Amino acid sequence: MNQLQRDLERQAKQFAGETADVLNGTVTDGIRLDCGLYTLGSHGQAIVTYKLDRINRRGESIPLKISRTPAKLSLRVFHALRMDDESRHLANIKSTYGLYVQHKSAFAYHYERDADNNYPAAHLHIDGKAKRLQGILDVVGRGKDKPTALHLPVGGRRYRPSLEDIIEFCIVERLVDARDGWQQRLSQSRERFHEQQLRAAVRDKPSVAAEALMSLGWTVHE
């Protein structure tokens, strides 16, 4: 294992721990997220999910419950991670957050950083029957397709929904029970996610960041 792979493993394990802490502090009961490292040449890819199957690199959905009462819903959490182009920061190259009932998906948010298709990098799939969406497919000549085939755009690469958004949805819609203090835990975690996205956006467009700072009276040196 080279230094790049060691850095990936360290940061991915930290990410897995932080993500599990958010879940256990809000809607789950002592779950642990697995982290598996797979080498790809001199680089590597880390998979973070619940009950990772190292053969097919998938996981299971997480029971949404805070007591011994059987869970009615479950949440699939999956991340494929690597180091960014500068080999310094963790980059999310693929992720899924899906809500399940009786082991069947109701909807799922997907993100794929380098997809080889024209669909939005961040998108929503709605599973099951959706009559209005099916009606759209029917009238445009795609009647053989189902609504779940549609990739509904949700914010793009930097502003896509976060895990905190899905958890909050489940709580405020009274779909699951939540722990006391869940608002503060989600607020802290969401702020951390937004700061990470902001730092990444600044690295992508430093000239725009510099212009914004100068407009506020800051002095920026190249």
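In this predicted model, helix H3 (residues 163-172) and helix H4 cross at roughly 155 degrees, and their axes come within 10 Å. The two helices are therefore roughly antiparallel to each other, since angles over 145 degrees count as such. The crossing of H3 with H4 is left-handed. On the H3 side, the contact is made by Glu164, Asp165, Ile167, Glu168, Ile171 and Val172, which meet Trp182, Leu186, Ser189, Arg190 and Phe193 of H4. Sorted by class, the residues of this contact are six nonpolar, one polar and four charged.

Helix H4 (residues 182-204) also packs against helix H1 (residues 3-24), here at an angle of about 150 degrees and with the axes 9 Å apart. That angle makes H1 roughly antiparallel to H4. Once again the crossing can be given a hand: H1 and H4 cross in a left-handed way. From H1, the residues Glu18, Asp21 and Val22 meet Arg185, Leu186, Ser189 and Arg192 in H4. This contact of H1 with H4 is made up of two nonpolar, one polar and four charged residues.

His79 counts as buried because its relative accessibility is 4%, and the cut-off for buried is under 20%. Its side chain is joined to that of Tyr97 by a polar contact of 2.9 Å. Leaving aside residues up to four places away in sequence, His79 touches Phe15, Ala46, Ile47, Val48, Asn92, Lys94, Ser95 and Tyr97.

Technical notes:
Residues are numbered from 1 along each chain as its sequence is written. This is a predicted model: local features need pLDDT of at least 70, side-chain atom pairs count only at pLDDT 80 or more; totals for chains, interfaces and linings use all residues. Side-chain values use heavy atoms; hydrogens and water are left out. Buried means under 20% relative accessible area, exposed over 50%, partly exposed in between (1.4 Å probe, protein chains only). A polar contact is a pair of N or O atoms within 3.5 Å; within protein, one must be able to donate a hydrogen and the other to accept it, and residues adjacent in sequence count only if both atoms are side-chain atoms. Contact means heavy atoms within 4.5 Å. Axes are lines fitted to C-alpha atoms, for helices over the stretch in contact, and angles run from 0 to 180 degrees between N-to-C directions. Helices (H or I, at least four residues) and strands (E, at least two) are DSSP runs, numbered from the N terminus. Angles under 35 degrees count as roughly parallel, over 145 as roughly antiparallel, 65 to 115 as roughly perpendicular and the rest as oblique. A crossing is left-handed if the near helix is turned anticlockwise from the far one by less than a right angle, and right-handed if clockwise. Ala, Val, Leu, Ile, Met, Phe, Trp, Tyr, Cys and Pro count as nonpolar, Asp, Glu, Lys and Arg as charged, and the others, Gly among them, as polar.
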